[in-house]
Amino acid sequence: MTGPLSGLRGWLSGRTSAQLSVAVAVLAALALSGSVVITGQAVRADQRQKAALVALADYAAMVDKLGVQAWVGADQVTEADAAYFSAWLTAFQSGPIQEDRTLEEVCRTGRGGAGVRFIRAPSGKPAGLAALEDAKIRRLNGLGEDVYVAGLPAGTLCPRRDVEVVVVKRQAGALEIIVGRVVDRSGEAWGRAVLIVGLSGLLILISGLMAAVFARHRLGLALGEVSASLDRAAMGDFSRRPPVDDIAPELRPLSVRVNGTLDRLEELLGWLRDSSDQLAHDFRTPLARATARLERLEEADTPAERARLARLAGDDLRHLTRAMNETLALRDGSAWVFERVQLDELVVATAELYEPLADTRGVRLVVEVEPASVLGVRTLLQRAMTNLVDNAVKFSPEGGVVTLGARPTATGVEVSIEDQGPGMDPARARGAVERAAREDPDRNGIESHGMGLPFVRAVVRRHGGILTIDDAGPGAIVTARFSR
């Protein structure tokens, strides 16, 4: 979209909050001042119209008082008639019609209402205010062709005041008659109103400037907090978080997102540290075993012993291969293809896969599933499930029961694996449970091939789920909860 609207949008996008606050304050002050000017012009127009109506009434009264003499032709006016008109106008100026205000009062107070007149006959001297004849006039629309507005400078009507007069300028027979009324000024009340409005506009402008300064200062402090937290995080210190409540409202969503990102980064770095330790152990132990067995292979006396040691060394190397494949599967997460996975079918398939191993160990597998699905990567979810079932079968006592379940919940779906092995302390399930399991497998019952629980937990988190480990008394319950 091009044009004025896109230009305005571009200008607004380049302005800061403080600049926009100042702009709004200036616009408000200008709008208030503009309303005063427009209202003043409307009041002035109303005062002129009132003065024009009174001047028209004065003209009609003068013509009526003059009677037939007002319509004497130019060839009929004599010096005596001119003298009569002058004397009559002087008498008419001070009476018999009562003025709203006298000229003296108008000049003293600046208010309007006084009447002014002028008559010129074809012969003799004119009578009245001669300045009306030569004053610059402009037509006052809406009240007739002969109604005008004239400005009289100081010294013309009043010694020290400019006055504005609405005049009716017409020809009556041979007489040129000009009748006018001084327009009332806005007055003290209007002056006070203008002063109040002006002060209000100034107050709005000052308030807008102060609000802009405050908003800029508050926004600067909030951005400083966010920047300081990000700088600390860049150096590996995740202990500082930008505040969410005591901060500029404009930055609250940003602070929430930054905190969430820092929490996630801290979690991933923690997982990376734990995974590194786990990988070191997973690789070191099989390598050490494989090396020792290959060394003993050279010293073996019988073919059967050599075959057994070769087989065990091969198992250790395959163990390393599985761990490496699981690590690469997590690393290549960007290539995953998400699809709708039926967790109940996955649980059933895993139980069928481990049923022969469970039979050889005297362990019974129980499957309790309901239709439940989640959007995820089937291969990763299946590998995580086999890790959990492998742990449960491996550490269950002879005659024990391993229960596999999948079911929908109020917030999503969950998968659970419950065994009757030695169990574990739920408190150790938080933090370094994976490392503790490797260090003391008989007490914790969490040994498995590959990366074990670190891999399972990483897969669950990649799918937006939560992995929990609870005490079954005896045994342990590992539950993976997913949102739909």
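Q: Which residues does Ile417 touch?
A: Leaving out residues up to four places away in sequence, Ile417 touches Met385, Leu388, Val389, Ala392, Val402, Thr403, Leu404, Ala476, Ile477 and Val478. Contact means heavy atoms within 4.5 Å.

Q: What kind of model is this?
A: The model is predicted, with pLDDT of at least 70 needed for local features and 80 or more for side-chain atom pairs, while totals for chains, interfaces and linings use all residues. Residues are numbered from 1 along each chain as its sequence is written, and side-chain values use heavy atoms, without hydrogens and water.

Q: How many residues has the largest nonpolar core?
A: That core has 36 residues, and Ile417 is among those with the most contacts inside it. A nonpolar core is a set of buried Ala, Val, Leu, Ile, Met, Phe, Trp, Tyr and Cys residues joined through side-chain atoms within 4.5 Å, where buried means under 20% relative accessible area with a 1.4 Å probe, protein chains only.

Q: Which helix gives the most to it?
A: Helix α10 does, with 8 residues. Helices (H or I, at least four residues) and strands (E, at least two) are DSSP runs numbered from the N terminus.

Q: Now the sheet: what is the strand order?
A: The open sheet of 5 strands runs β8-β10-β11-β13-β12, with mixed pairing; two strands pair if DSSP finds at least two bridges between them.

Q: How do β11 and β13 run?
A: They run antiparallel, joined by 7 bridges, and Glu414 stands opposite Arg481 in β13.

Definitions and conventions: Buried < 20%, exposed > 50% of the residue type's maximum accessible area, 1.4 Å probe, protein only.
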